[in-house]
Amino acid sequence: MSTISHKSPPPPCAMVIFGANGDLTKRLIVPALYNLARTGLLPKSLALIGVDHNKKTSQEWSGGVKEFLAQILAKNSEEIDDALWQQVASCMTFLSGDFEKPDTYARLKDLLADLDEKRGLGGNVLFYMAVADRFFATIAGKLGEAGLVSAEASSINKEGGFRRLIVEKPFGHDLASARALNACLLKYLKEEQIYRIDHFLGKETVQNIMALRFANGLFEPIWNRDRIDHVQITVAESIGVETRGKFYEATGALRDMVPNHLFQLVAMTAMEPPVSFDAEDIRAKKAEMFKAIHPLTLSDVVRGQYDAGIVGDERVKAYRTEPNVAPESAVETYAAMRLTIDNWRWAGVPFYLRTGKRLAKRTTEIAIRFKQAPYALFRETPVEELDADWLILRVQPDEGIRLRFNAKRPGPAMALESVAMEFKYKDYFKQAPAVGYETLIYDCLIGDATLFQRADQVEAAWALVEPVLTGWAATTPRHFPNYAAGSEGPSAANDLLARDGRSWRRIN
Ligand code: BG6
């Protein structure tokens, strides 16, 4: 994993973005490149080729993207720095073409060879599939057939160069489709050429979990079943499905968030220490952790769907009345589960996970609850009534770390109260403006796969949720909608923890 501030620019290369007119390109990829330019981390020689089906000139493409960038920067009261923008814009070439037609790839090959010669790109190409997932296999296959992903057989540059491919989420829809997609990609590419993105791993605070665990002697001895009672991982969103009704009806909360984002948070929290920060060492430890997760059954999971309600001050509608959603939809907008990890570190320590849309607040956190003091020293306050100690890793918003513990309230009586020690990123670090894709793109450009998912990891994650997907598909949920928008989720999720004598933290 790269620590950007100490790095130098990546080698010269071409970056080909399929889906050049899409939201992802405009909102995240190009703004991330602009931010890399401001930290001096754009390749010194770069060709940015945008491929999409519309007819456009390169100027029209860069002009459209620039407007988006201006809007994004305006949110931070910033304006575009023309010199920096020129660095990005001067690399941009638009290629109009149908992703399904071989002719597109033949023209792309000529364009790459031409730009490679003019700009001295060393034959290096990073392909980025910023398109709907139904195109992933097609594009990878057509790139393969055109001889574009194999450096050896390349006519782009006789010297070779690297060929890498970025694949966005969703990677498959279930285990079978993820396996099929892996097989398609691996027909033409080697595993080390494939970069499967999970954008949660681009979040600074997620990367910081490793720093917290492995750079501090303080936490290592307590990071296990001797000291930890259980872990709660919450990814709560206050937004609804917005304009994504069609996508969501075919997806649901479990597929959308759990085998990818939530499981990555579990992996960062629960994996064994790797022997080095080398991508393969870290990915091997994560894979081991996935293998140790006990198979899920339907009694370990809860699903929910939001009804109308109030979020903040706004009255919002029920999921079933959102655009492109079926009036009797059985699709879940909330999922909670209890995971157990069958290894020496975590035996007997449940991991409770929950995620949902239209919850009380937007918050992503990993909360680690420590075991109670062993003996009721404070006679008036039985041990089980003392507030527990918690370590809370806040991923977003208000990124930081909070430690909650008991302290004596001043005064003659021995009264205890839960207090907090707090570290907030913004108090300590001046953050470079970021959209969350900077590290991910930079790492692809330098060939560091630490923050990307390997084929076996993706398949292991799908295999874990597969019994739940099948079970849910076979039964109609009885009480949908079962939570009000703006609430903390369905009451069945509370029962999941109550069974173990525990309760969720408030979503706040
Ligand atoms: C995406 C999901 O992968 O992650 C969305 O498809 C979700 O449904 C989003 O809203 C959450 O990401 P973030 O970075 O906004 O927390």
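## The loop between β14 and β15

P397 sits in the loop that links β14 (390-396) to β15 (400-409). This is a predicted model. The peptide bond leading from Q396 into P397 is cis. Its omega is near -20°.

D398 is found in the loop between β14 and β15. Phi of D398 is positive, near 55°, and D398 is not a glycine. The residue is partly exposed, with a relative accessible area of 39%. That value counts as partly exposed because it falls between the 20% limit for buried and the 50% limit for exposed.

Which peptide bond is cis, with omega near 0°? The bond from K169 to P170. P170 lies in the loop between β5 (163-167) and α6 (175-188).

E242 belongs to the loop between β7 (228-236) and α8 (245-249). Its phi is positive, about 50°, although E242 is not a glycine. Is E242 buried or partly exposed? E242 is partly exposed, at a relative accessible area of 48%.

Most residues other than glycine have a negative phi, and most peptide bonds are trans. Against that background, two kinds of site deserve a look in the model.

For the backbone angle, see E242, with phi of about 50°, and D398, with phi near 55°. For the peptide bond, see K169 to P170, which is cis, and Q396 to P397, also cis.

Key: Residues are numbered from 1 along each chain as its sequence is written. This is a predicted model: local features need pLDDT of at least 70, side-chain atom pairs count only at pLDDT 80 or more; totals for chains, interfaces and linings use all residues. Side-chain values use heavy atoms; hydrogens and water are left out. Helices (H or I, at least four residues) and strands (E, at least two) are DSSP runs, numbered from the N terminus. Buried means under 20% relative accessible area, exposed over 50%, partly exposed in between (1.4 Å probe, protein chains only).
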